[in-house]
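Hi,

Here is the structure I promised to pass on. Have a look at it first, and then read on for my notes.

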Amino acid sequence: MEHKKIEIFNNSQIADTRIYTVSELNFSVKKDLESNFSNVWVEGEVSNCYFHNKRNIYFDLKDQHSKIKVVMFYENNRKLPYEIEDGQHLLINGYVSVYEKRGEYQIIALDAKPVGKGSLLLAFEQLKAKLENKGYFEPSRKRKIPILPKTIGIITSMGGAVLHDMISVLSRRYENFHLIVRNVNVQGITSSIEVCDAINDLCQYGIDVIIIARGGGSLEDLWAFNTEMIAEKIFNCSIPVISAIGHETDFTISDFVADLRAATPSIAAEVVILNKSEAIEKIKELVRKMQIHVNAKLMIGKKELAFLIKRRIFKKPETIGLALWQEFDSLNSKLKENMKALMDKAGKELAKQFKQINKKYIYDKINLNKLMAGNLYARLLECFKNSLNVKRNKAGLILKDLQKNSPLLTIERGYALVLNEKSNKSIRNIKEVEIGQNIKVILQDGILLSKILSKINKKLGLELQDGN
Amino acid sequence: MEIEKLSFEDALLKLEAIVKELEDESISLETSIDKFELGVRLSSHCLKKLNEAERKIEELTRTEDGKLITKELKLED
């Protein structure tokens, strides 16, 4: 480059001074800086950070006394797992250069490492905070895990012991489970995409719950489960997802987004399906409770009945009348039929089912058989007997109603009123009439004039209804 | 209520609700017998559901033309 030489001072010492244009000077400085500071490491705090077009990032790096401008172009900052933000303490690697347009000197950053913690941890924290803000971890949006899923999907690597361990746990809890396994790489750059595809495929195939499982590892090893891609996929999944990544102390983004986090894959197998023998025990317990309550109610009915029987009306059964006894009988046999059918059916059905379970999977043989076949059935029969008495009680109440009604209403029910032909007084016992005497029998639609043919002296009592 | 169509969970929930209702001393004997019968049917349905599934372990893959297929998975012990 040719430089102009102008004499502006008389002083000969500087007569030879070279005069730059601004551009020339900036260019020269830039060249000097770039060759002298071609590979620097500088540590400081980020401030005034902003992205240009979401690509290049500009910020100041400062310490207590000084600051310097930094630019990191897209090709380099896109490689960072985390995002640069104000307040971060970074160690920058790059070279010093000049932005000639403004004559500002700056560092062109090629890499930036968080000081004090790893880049991945920082990235993890940032994504976690971002998703949390978006409401991805809200308990209210979590789908319910079914307690008895028909089909369980597991996304894992079939290479490790994880699947084997999970199957042993499942076999112990619920022998007849249905599992659909999808084999994926749980580590490496394709891992995230593979897991997302697996979620898609399982949803499409149609299952009830998905478990994403992986054994323990470092933060780097588990990185596939800390991506935004996985978070979005789990969040938008139509099926409940259980995340079981690493050991108890490992937390991943997928754990937070999933509907349930299991501390380990084996624990996921524990929570994904109910324990069959426990479930059976629970049902047995509920049936037992029902029996107790119904029995208690029957006992109360029985007591009420006993009270009623002591009353006059039951002490003098002749006042009840045949029709009512018939109603008793009809009620009794109807109840007997119904209750017997119900109890028989219930008892047999349950006994059969408990037995089936018994044959297939040997759990607690003695208890299972005892419950339905013996114990329950005997108690059900007891229930039936008791309830019979209670129906009698009900009939007693009907009787009370009858008494309130007029004799004419009684006649309408099919009773007859027998009167002395002359006095029109009601005849209450056979001693009041003589053989050959005329009597009036009053029915609902008229009167029958009748003659006494004979008298049979029989004490009316409870036996009478036996003949009917 | 069509018990046959209930899921295990729903049937179990209803069964638990019935037990609760039976605890109420003010309901009539008739009602409690009805509820008892329903409860027996529900518990029977629950047991049926528990035995419904068949033990199966399958692997899900995609064929080259993009079809989803499952094949039985043999695991070495």
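In which strand of chain A does A:N48 lie? The answer is strand β3, which covers residues 40–52 of chain A. Before you go further, keep in mind that this is a predicted model.

I began with A:N48 for its backbone. Its phi is positive, about 50°, although A:N48 is not a glycine. Is A:N48 buried or exposed? It has 12 other C-beta atoms within 10 Å, and a residue with 12 or fewer counts as exposed, so A:N48 is exposed.

You will find A:N53 in the loop between β3 and β4 (56–62) of chain A. A:N53 has 6 C-beta neighbours inside 10 Å, so it counts as exposed too.

Strand β14 (residues 438–443) and β15 make it up, with 2 residues between them. The two strands pair in the antiparallel sense, over 6 bridges. To be buried, a residue would need 20 or more other C-beta atoms within 10 Å of its own.

Next, the two chains together. How many residues of chain B are in contact with chain A? There are 36 of them, and they touch 43 residues of chain A. On the chain B side, α1 (8–23), α2 (29–52), β1 (56–62) and β2 (68–72) each supply at least two residues. The largest share comes from α2(B), with 15 residues. Sorted by class, that side of chain B has 18 nonpolar, 6 polar and 12 charged residues.

One more thing to look for where the chains meet: strand β9 of chain A (residues 178–183) is joined to β1(B) by 4 bridges. How do these two strands run, parallel or antiparallel? They run parallel, whereas β14(A) and β15(A) pair in the antiparallel sense. To find the place on screen, go to A:I180, which stands opposite B:E58 in β1(B).

Technical notes
Residues are numbered from 1 along each chain as its sequence is written. Chains are lettered from A and ligands numbered from 1 in the order in which they are written. This is a predicted model: local features need pLDDT of at least 70, side-chain atom pairs count only at pLDDT 80 or more; totals for chains, interfaces and linings use all residues. Two strands pair if DSSP finds at least two bridges between them. Two residues are in contact if their C-beta atoms, placed from the backbone, lie within 7 Å. Ala, Val, Leu, Ile, Met, Phe, Trp, Tyr, Cys and Pro count as nonpolar, Asp, Glu, Lys and Arg as charged, and the others, Gly among them, as polar.
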